[in-house]
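Keep the picture open while you read.

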Amino acid sequence: MQRLIPTGEAARPVAFADVPQPVPQPDEALIKVEAFAPNRGELFLLERPTPELLPGKDIAGLVVQAAADGSGPGIGTRVVGHPAQGGWAEYAAVPTHSLAVLPDSVDSVRAAALPLAGITALRLLRTAGSLAGRRVLLTGASGGVGHYVTELAVGAGAELTAVTATPERGGRLVELGAKVVHEVAAARGPFDVVLESTGGPDLPLALSKARPGGLLVWFGQASRTPVSLDFFQLLGGPQRVTIQHFHYADAPYGSDLAALVSLVAQDRLHPEVGRTTDWARTAETLVDLRERRIRGKAVLLTGGAR
């Protein structure tokens, strides 16, 4: 079968290779991949790939071999999955606890855009707590996670301000009910909850806009710049603010995937897919994602996607 593997080259981060089909563990199903979606974290890993790196955590496709232990969906079932790696391929072995069944109303393109970004958004908002009537600041909002957070938070009754680099990248967020600004300094606080994903100088500035007793959840560092906090400068800002480090990863993922699929099927969640194309264009698409030329998610098709 064909698989995309890292090259270590900035201009062409991946290339096709002919490799053996994966052999599933007893609790894994073999999926014929119809569509997959890259994530920003995978772009970082591709800059300095390790020999064992097999990219691919977000996939949708068809079960062609059910798990030997009897768990999970049967042969012929359409699914969305979140394997630990290896999804940028014709076939992928996925633990059944990280699969969810797709109804006919949810196509493979939207499904592939769900896993990492959608699970992150769900778990991030659970960490933030009830949002009805609360003021929320979201930085780095124009990617996949940001669109899901915005739609879910606004739907839950939050008054959300989203920070995006440009008006074009914030257009869809306005449609989803967010107030959009283009630098953290322009956000008008105080905010009950700050969801911060850029790091660098933005985090201290976002923190200063929290209300006394508020919460900042730090879930990323897209700027690739470490954060510096000045104790004495913080004394002039809100008191007793809690800073909570967040990372989404903790299997199983199946129940959260099923919740996301249900929201899409009910027309309550709308994956923002900025590009859908054949996986022959994966290397080009990865470069465009890295350079922020794509809003939301990009989805690559291996063939036969519904």
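This is a predicted model: local features need pLDDT of at least 70, side-chain atom pairs count only at pLDDT 80 or more; totals for chains, interfaces and linings use all residues.

Residues are numbered from 1 along each chain as its sequence is written, and side-chain values use heavy atoms, with hydrogens and water left out.

Let's begin in the middle. In soluble globular proteins, nonpolar side chains tend to be buried together. Here, the largest nonpolar core has 51 residues. A nonpolar core is a set of buried Ala, Val, Leu, Ile, Met, Phe, Trp, Tyr and Cys residues joined through side-chain atoms within 4.5 Å. Buried means under 20% relative accessible area, exposed means over 50%, and partly exposed is in between, using a 1.4 Å probe and protein chains only. Leu-131, Val-149, Leu-160, Leu-195 and Leu-269 have the most contacts inside this core. Several elements each supply at least two of its residues, including helix H2 (108–112), helix H4 (144–155), strand S9 (159–163) and helix H8 (254–265). Helices (H or I, at least four residues) and strands (E, at least two) are DSSP runs, numbered from the N terminus. Which helix gives this core its largest share? That's H3, with eight residues.

Zoom in on Leu-131 for a moment. Contact means heavy atoms within 4.5 Å. If you leave aside neighbours within four places in sequence, Leu-131 is in contact with Leu-125, Val-136, Ala-153, Ala-156, Gly-157, Ala-158 and Val-193. Apart from this core lies another one, of 23 residues, with Ile-31, Val-33, Leu-46 and Trp-279 among them.

Now follow H3 itself. The helix has 14 residues and reaches 20 Å from its first C-alpha to its last, close to the 20 Å expected at 1.5 Å a residue. That expected span is 1.5 Å times one less than the number of residues. H3 is mostly covered, with twelve of its 14 residues buried. Among them are Pro-115, Leu-116, Ile-119, Leu-122, Arg-123 and Ala-128.

Next, two buried residues to look up. Leu-102 sits in the loop between strand S7 (99–101) and H2. Leu-102 counts as buried because its relative accessible area is 6%. Not counting residues up to four places away in sequence, Leu-102 touches Ala-60, Arg-78, Val-79, Val-80, Ala-111 and Val-261. Thr-77 is 25 residues from Leu-102 along the chain, yet their C-alpha atoms are separated by 7.9 Å.

The other one is Val-163, in strand S9. Val-163 has a relative accessible area of 8%, so this residue is buried too. With neighbours within four places left aside, its contacts include Leu-137, Thr-139, Ala-141, Val-181 and Glu-183. From Val-163 to Leu-62 you'd count 101 residues in sequence, and their C-alpha atoms are 37 Å apart in space.

Time for some charges. How many salt bridges does the structure hold? There are 15, where a salt bridge is a side-chain nitrogen of Lys or Arg within 4 Å of a carboxyl oxygen of Asp or Glu. Arg-110 pairs up with Asp-107, their closest N and O atoms being 2.7 Å apart. Arg-110 is partly exposed at 25% relative accessibility, and Asp-107 is partly exposed at 23%.

Arg-211 and Asp-192 form another bridge, with the closest N and O atoms 2.7 Å apart. This pair links distant parts of the chain, as Arg-211 is in strand S12 and Asp-192 in strand S11, 19 residues apart. Arg-211 is partly exposed at 27% relative accessibility, whereas Asp-192 counts as buried at 17%.

Asp-288 is buried, with a relative accessible area of 10%, but Arg-293 counts as exposed at 54%. There's also a network of salt bridges linking Arg-172, Glu-175, Glu-272 and Arg-295.

Finally, step out to the surface. Leu-229, Leu-234 and Ile-243 form a nonpolar patch there, with about 240 Å² of accessible area together. Patches are made of residues with over 30% relative accessible area and no salt bridge; like charges are joined within 9 Å, and nonpolar side chains (Val, Leu, Ile, Met, Phe, Trp, Tyr) within 5 Å. Accessible areas come from the Shrake-Rupley method with a 1.4 Å probe, and for residues only the protein chains shown count as cover. Leu-234 is found in helix H7 (residues 231–235) and is partly exposed, with a relative accessible area of 35%.
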